[in-house]
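Here is a short tour for anyone about to set up a calculation on this protein. Take a look at the chain first, and then we can walk through a few local details together.

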Amino acid sequence: MAHKKHSDFIDVKGLIRTYISKWYYFAISVFICCVLGFMYTRIHKQDMVVMANILIQDDTSGQMANFGGMASIFRSNSNVENEVVVVGSHSLFRNVAKELQINKTHYVKDGFLSSHLAYPDFPVDVVAPTIADTLRRTLDFRIKIDESGKTDVKVKVKGKVIAEEKGITLPAVVKTSYGEFTVTPTKYMPKGEAVNTTVLFSGYEGAAEALSKDVVCDVPNKRSNVITLELDSPNSEYASAILNEIIEQYNIRGIEEKNLQSEKTAEFLRDRIELLASDLNDAEVKIQHYKEANKLVDVAGEAAYQTEKRADLENALMNAETQIQLLNLTRDFLRDSFPTYDLVPSALDGSIQPVIDSYNRLAMKRIELMKNAKPNNAALLQLQKQMDAMRVNILSTCDQAYEKQSVRLRELKAEKRTLDSRLGAIPTQEREYLNMKRQQGVKQQLYLFLLQRQEETAILLANSVPKGIIIDQAYTLIEPIGMSNKMILFIAFVLGWIIPPVFIYLHKFFRNKFESREEVERHISAPVLGEMCISRSGENIVVAEHSNSSSSELFRLLRTNLQFVLSSPSDKVVLMTSTRSGEGKSFISINLAGALSLLGNKKVLLVGMDIRKPELANYIGLPATPGLTNYLSSADTSLESLIHHVPGFKNFDVIVAGPIPPNPAELLTSDKIDEVFARLREMYDYIIVDTAPVGMVSDTFTLDRISDATIYVTRANYSSMDDLEFIEEIYEDKRLKKLSVVVNGTTSKKGYGYGYSVKKEG
């Protein structure tokens, strides 16, 4: 790999010069970034953070838990994580969207590129109540109202106009493919003022989906029962209304779920009390008729002395029969409700209450799951199987308790028969009366018990409290989120200064082209003879005898530097080459030869030896033949016949390349070339040879034998860094004599004030 004259240090001065030369990049970048930053601040409003906190209370700790038997009805295991899911559920958000009508978003334009989210003081509303239930698209209503009240309405869906009305008066009906919408002014509509507003109308389902993305529900402390709600919005009043409504809908839903079991119990108690009231009335009528038929006035007083002995036994027997009746009632209810999965009322017998509580918890889970699940849902089917098994277990428990009480009852009756056998003197009427009285007492005790439970259930329903206790209603934090407008503009200003250096670096990196003489000098060790800056003259020959143009001065400077290279009087022949066509080799050759011819009486010859692609004759305006190839390939052509004088110069001659030969490589290696240049050295003081590009063919290396120096032409923003590496390899390998470089096509520099048009070789 050839050595490159390349410093590892950053050329700070070079960078600064590059940036100064492209100052307009910075001006344009800063201007565009500041404009974009300003437009962003106008379009994008800062969001305010709105928060609310609710406490999820444990039902077993409520005040109603102190009402004895009602504790079992209130008992529940509230799980805060589950409640977070409920608060953020789609169905709850849908109710919020429907209640607040936030499926409609109102934006009112209030200045250049500026609009605000209007709530609740929007000037125009779009009404279509039934459509919102099924609408799956978002309709964009663009509404413009002038000072006279004339209104233009344009409706779009995904950028496509589906309806348009012009010059209408509000309220008005707009018909679309999705249905009819009524555009109507609100009480906030300003009078005599122009209004430009946009209403985004979506369905409740879409609004609920948007809320689920925007509203954040979280438990800040895993050990607490507090749920925090957060919503970011440019309109804090809008966000506060949403959060407060979410809490309201959550509490309504909680109360409904909590009352469901109590309502089932109340319904069951009403039915049983009606039946017992009828049975109790029949028992009392039967006793009345029995007394009348047997003419009994005070049976209890007459049999007091006998029944005193059996008081304890009778009491025990009554209690046993009461329990039997209670168990019968419970079993009847269970059998009647088996085809469904309804909640089971609170147990009328304490022995099976825990089993019923477990069943009711599963029933509540099934009710919650049915809201969002389909009938064939796997979790739902599994839950129903579990409930079926538990119902069988409850009925089995009731049967076991019934059998136990039946055994007890039989034991008590057997004991009573033993006692009755010892009291045979008691009249039959007395025994029959006592039996009827006992049956009447059992029904009365059961009736009073059910009445008490009915009152407890009514108190529970009347005093239902929500699960979510509001700790903080929706409140807005003082500082908005995101960057302030001043910070955005400052960042835009800074970016305006950062982007140009990055762009310039990437531009250089990906283009792989150099732009200045300094870059060339950093990458090669070959001497740089001079540079040519760009002008707009458009002429092929820019030097003249009495010309003081910038182009002429640059070529005079190049001529002076070349004279230092050609230090010996015998150094006359200079090869002009480049890497590829288009780098300005022929243009530099012509004008350098012209500049040398202006040195007193110095005779200069320009020889076109790019015989594969000859263009020199076209540049100077001479005939293409005869040329050097004619002389090399024919013995009949004289050297003098090839020489043409260039008009406008006294001592400037040229030999053109001539027609393209079939064997250019053989011609250039022939001895005739050496003979020609030996003669030309005697005739001229300087000979400039315009050769072929070395990056394409090896002709120039072949001609190195007849030369004294070589000028290698490169072009800024055209030649690549790889070309510079190639030049460095040629220089270090000394494949061309006294190699020096000319940088063509650089930008004008302060102090020059001149340049020239870049020319391309053919």
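Where does Pro120 lie? Pro120 sits in the loop between strand S3 (114-117) and strand S4 (124-127). Keep in mind that this is a predicted model. The peptide bond leading from Tyr119 into Pro120 is cis, with omega near -5 degrees. Another cis bond runs from Leu170 to Pro171, again with omega near -5 degrees, and Pro171 is in the loop between strand S7 (160-169) and strand S8 (172-176).

Two residues have a positive phi although neither is a glycine.

The largest nonpolar core has 60 residues, and Phe141, Ile143, Phe201, Ile242, Leu243 and Ile246 touch the most other members. Helix H7 (residues 236-294) gives the most to this core, seven residues. Leaving aside residues up to four places away in sequence, Ile242 touches Val96, Leu100, Ile102, Leu211 and Leu231. A second, separate core holds 34 residues, including Leu554, Leu566, Val574 and Leu592.

Finally, Ile471 belongs to strand S13 (residues 468-476). Ile471 counts as partly exposed because its relative accessibility is 44%. Ile471 and Ala52 are 419 residues apart in sequence, yet their C-alpha atoms are 7.8 Å apart in space. Beyond residues up to four places away in sequence, Ile471 touches Asn53, Ile54, Leu55 and Val226.

Methods: Residues numbered from 1 in each chain as written. Predicted model: local features only at pLDDT ≥ 70, side-chain atom pairs only at ≥ 80, totals over all residues. Heavy atoms only, no water. Core = buried A, V, L, I, M, F, W, Y, C linked by side-chain atoms within 4.5 Å. Buried < 20%, exposed > 50% of the residue type's maximum accessible area, 1.4 Å probe, protein only. Helix = DSSP H or I, 4+ residues; strand = E, 2+ residues; numbered from the N terminus. Contact = heavy atoms within 4.5 Å.
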